[in-house]
Structure formats: structure tokens, C-alpha cells
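Hi,

Here is the structure I said I would pass on.

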Amino acid sequence: MSSFLNHHIDSCEKKISIHQLRRMYREGRLVFPSVPSKTKMRMIESTSKTLETILMGIILPVVYVSERQDGSLLVLDASDRLLHLMKFLKGNILITELEFYPELNGCGPAELERKFPRIASFIYDYKINFQVIEYTTPKYMHMQVGSYIEKWDFVREQGIRYKLYGEELRNNLDFLERSMGRYGVFFSRWRLKRQYFILRILMYRFVFENNVQAGYTEDMGLQQLLDQTAGWFMRKDLMIIVNGFVDADQKLTKWMNKEYRTLLVQKGEEQRVRTLGYLYNIVWMCGGNEYKIGKGLESIFFDEQLREKIKKEKVTFANIRKHYKEIEKRLR
């Protein structure tokens, strides 16, 4: 029973009219993650389909949102359907290519209200179903919704994490990323994705160094570990972390020749970030114990059996500690 209570998401259902959502968006009480915008054409297409769906009387899918301490709602919708609708109501885009309501093509909100007041009224009165995750629910459980409901990519997950955890985490990761300069070539050209990679790598360091708060058990999964990592990262001396990260990055970049880089990129993003999490930490482990860095890196990169375990086994505190012990044996 205690395990159930610890990992239970407290939420409630609310129906909110589009008129009220428009007002909330204007007042900053309806919040969206800071992720790269889709093209204007895709926003127009998305908004047009949403409005036509509403006018046809079809019920839109439930939207999951996180309630923040200030009462604002952070939207967890990976489709960006609601964001595009709000941008339309703000006057940023026009609707077009409606199949069943072609007379509305080319309208913005002002023209819609002026030429078709009854249709505009119908749209504004339409209520969308929301599942509101209460702010008392632990932050990592808010993030877990993405794993089960929305299937976020790394960019969106990191954008949502910043809105939940605040500016301090974002500023620290921004600073660390900028400090890396031309390094971090294995990550991504997308800023949010690069910073997600950094946080994941620091997560492995957090586990390797055994910085675990009392009361947590070994079944901690990825989101709970990242939650702990974010807290640990914001409490530690930032420059010590930055200098250690840059040093490890330089050594790893020097070791990783063209052939190795090609192998790493071919792994796919999830497997790449897992592998990098161990590789960076091997550099730190070698430096702290006077092991040979090249030998240490090769002990994981070319050990097919260990690599398969890292690839297939679930990311948990217990599994990472197990892999860490196996790596330590190879380094001695």
C-alpha cells in the first residue's frame, strides 16, 4: 500500500471553455513548454482540423496538464493542438482548407467574429476536457505522464522539465552547455536535446558517486533519478561540475576517432545517451583512481555483453549500480 501511495498521481477532471482558455492564455495562466515551433503551414493545418472537428461536434481528446504552485496550467500535449488554437485566437495565423466549412477559409478570429458571429460563439462556448495533475504530486510523476501518455521526445521532455523545475535548472544547464564550446559533438545541434543529454550523463555520475537521499529505494526509475539529479545539480558548486564536464568531454572527444563516432551515432538517441552516460563517467572514474582512460573506455565500448545489458535493461538505480560494479572490475 505504501508503494502505491508514493507513486500515485493525484489528478482531477475539468471542462474548460475555449473562451476561458483564451483569457487564461492571455493572462499567462495557460503555459506551454518552450520547444521549437512547427512551421506556419503545419500550425495552419493543425488549427484548421481542430476547428472543423469542433464545428462537427466531435469531442477532442483529453488534454493532460500540470498544475503549478502559482495555479497556472502547464500543457503536456505533444500534438500542440491547443497551442496552435491559442495562436489562432491571438491572431497569429489564419484558417484554410476546411473541407466542410469552406466559407471560413482565410478567416482570422476578428473576421470570424464579424462575419460569422454564431459560429464564433459556438467555438468559444465549446468545452475541452482536461486531466489536471495536482501540484502536490511529485514533479517526477508529472514527467512520468510523458512516458505513459504522450511519448515525448527529448526536446519536449526537457522543455516541460524547465517549466516544472524553474529557471535555476535551465540557467545552470545553459551555462554548462555554453562552457563546453566546440565540444559535445556527440549530442545534438538542438539546444534542448543537448541539455537533456548533459542531464542524463550527470544522472549516471549522481548514481556512481552514490549521492542518493535517505529513504529512496533501488527501484528508482529514470524520471525519479532525473528528479534527484536536478536537485543535486542545483545544490553543487556549478564551476566544479563545469570544469569536470569540460575536461571529460575533451578527453572523450580526443579518444573517440571517426570510426567510434560513426558507431555511436548509429545506436539511436536513447542508446547513444545511455552509452555516453557510462563513457563520460568512466573518464571521471579513471581520473579519480589513476586508471588508464583508453582501457576504461574500451572496456565498455567494445564489450558486447556489457553493451547489450546497458542497451536492454531498464534504466533503474539498481541496474546502473550493477553495471558500475562490472565496469570497476574491468578497470582494475
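Ser-11 stands opposite Ile-133 in strand E5, in a model that is predicted, by the way. That pair belongs to the antiparallel pairing of strand E1 (residues 11-17) with E5, which is joined by seven bridges. E5 also pairs with strand E3 (residues 63-67), this time in the parallel sense and over four bridges. There, Val-65 is the residue that stands opposite Val-132 in E5. As for E5 itself (residues 127-133), six of its seven residues are buried, so the strand is largely enclosed by the rest of the structure.

Next, the helix packing. Two packed helices are described by the angle between their axes and the distance between the axes, and I picked out a couple of pairs.

For H2 and H4, the axes come within 10 Å and cross at roughly 80 degrees. Since angles of 65 to 115 degrees count as roughly perpendicular, that makes H2 roughly perpendicular to H4. On the H2 side you will find Ile-18, Leu-21, Arg-22 and Tyr-25, and they meet Leu-82, Leu-83, Leu-85, Met-86, Lys-87 and Leu-89 in H4. Sorted by class, this contact of H2 with H4 has eight nonpolar residues, two charged ones and no polar ones.

Then there are helix H8 (residues 154-165) and helix H10 (residues 191-208), with axes that come within 8 Å and cross at roughly 75 degrees. That makes H8 roughly perpendicular to H10. H8 makes the contact with Phe-154, Val-155, Glu-157, Gln-158, Gly-159, Arg-161 and Tyr-162, while H10 brings Leu-192, Lys-193, Gln-195, Tyr-196, Phe-197 and Leu-199. The residues of the contact of H8 with H10 divide into seven nonpolar, three polar and three charged.

Now the charged pairs. Side chains of opposite charge can pair when their charged atoms come close. The count comes to 16 salt bridges, and these are the ones I would show you.

Arg-22, from the H2 contact with H4, also forms a salt bridge with Glu-113, where the closest N and O atoms are 3.4 Å apart. This pair links distant parts of the chain, with Glu-113 in helix H5 (residues 109-115) and Arg-22 in helix H2 (residues 18-26), 91 residues apart. Which of the two is buried and which is partly exposed? Arg-22 is buried, because its relative accessible area of 14% falls under the 20% cut-off. Glu-113 is partly exposed, with a relative accessible area of 34%.

Arg-156 and Asp-80 meet in another salt bridge, at 2.8 Å from N to O. Distant parts of the chain are linked here too: Arg-156 lies in helix H8, and Asp-80 in the loop between strand E4 (73-75) and helix H4 (81-89), 76 residues apart. Both Arg-156 and Asp-80 are buried.

A local example is Glu-270 with Arg-274, whose closest N and O atoms are 2.8 Å apart. Both lie in helix H14 (residues 269-289), four residues apart, which is about one turn of the helix. Glu-270 is partly exposed, with a relative accessible area of 26%, whereas Arg-274 is buried at 11%.

Cheers

Technical notes. Residues are numbered from 1 along each chain as its sequence is written. This is a predicted model: local features need pLDDT of at least 70, side-chain atom pairs count only at pLDDT 80 or more; totals for chains, interfaces and linings use all residues. Side-chain values use heavy atoms; hydrogens and water are left out. Axes are lines fitted to C-alpha atoms, for helices over the stretch in contact, and angles run from 0 to 180 degrees between N-to-C directions. Helices (H or I, at least four residues) and strands (E, at least two) are DSSP runs, numbered from the N terminus. Angles under 35 degrees count as roughly parallel, over 145 as roughly antiparallel, 65 to 115 as roughly perpendicular and the rest as oblique. Contact means heavy atoms within 4.5 Å. Ala, Val, Leu, Ile, Met, Phe, Trp, Tyr, Cys and Pro count as nonpolar, Asp, Glu, Lys and Arg as charged, and the others, Gly among them, as polar. A salt bridge is a side-chain nitrogen of Lys or Arg within 4 Å of a carboxyl oxygen of Asp or Glu. Buried means under 20% relative accessible area, exposed over 50%, partly exposed in between (1.4 Å probe, protein chains only). Two strands pair if DSSP finds at least two bridges between them.
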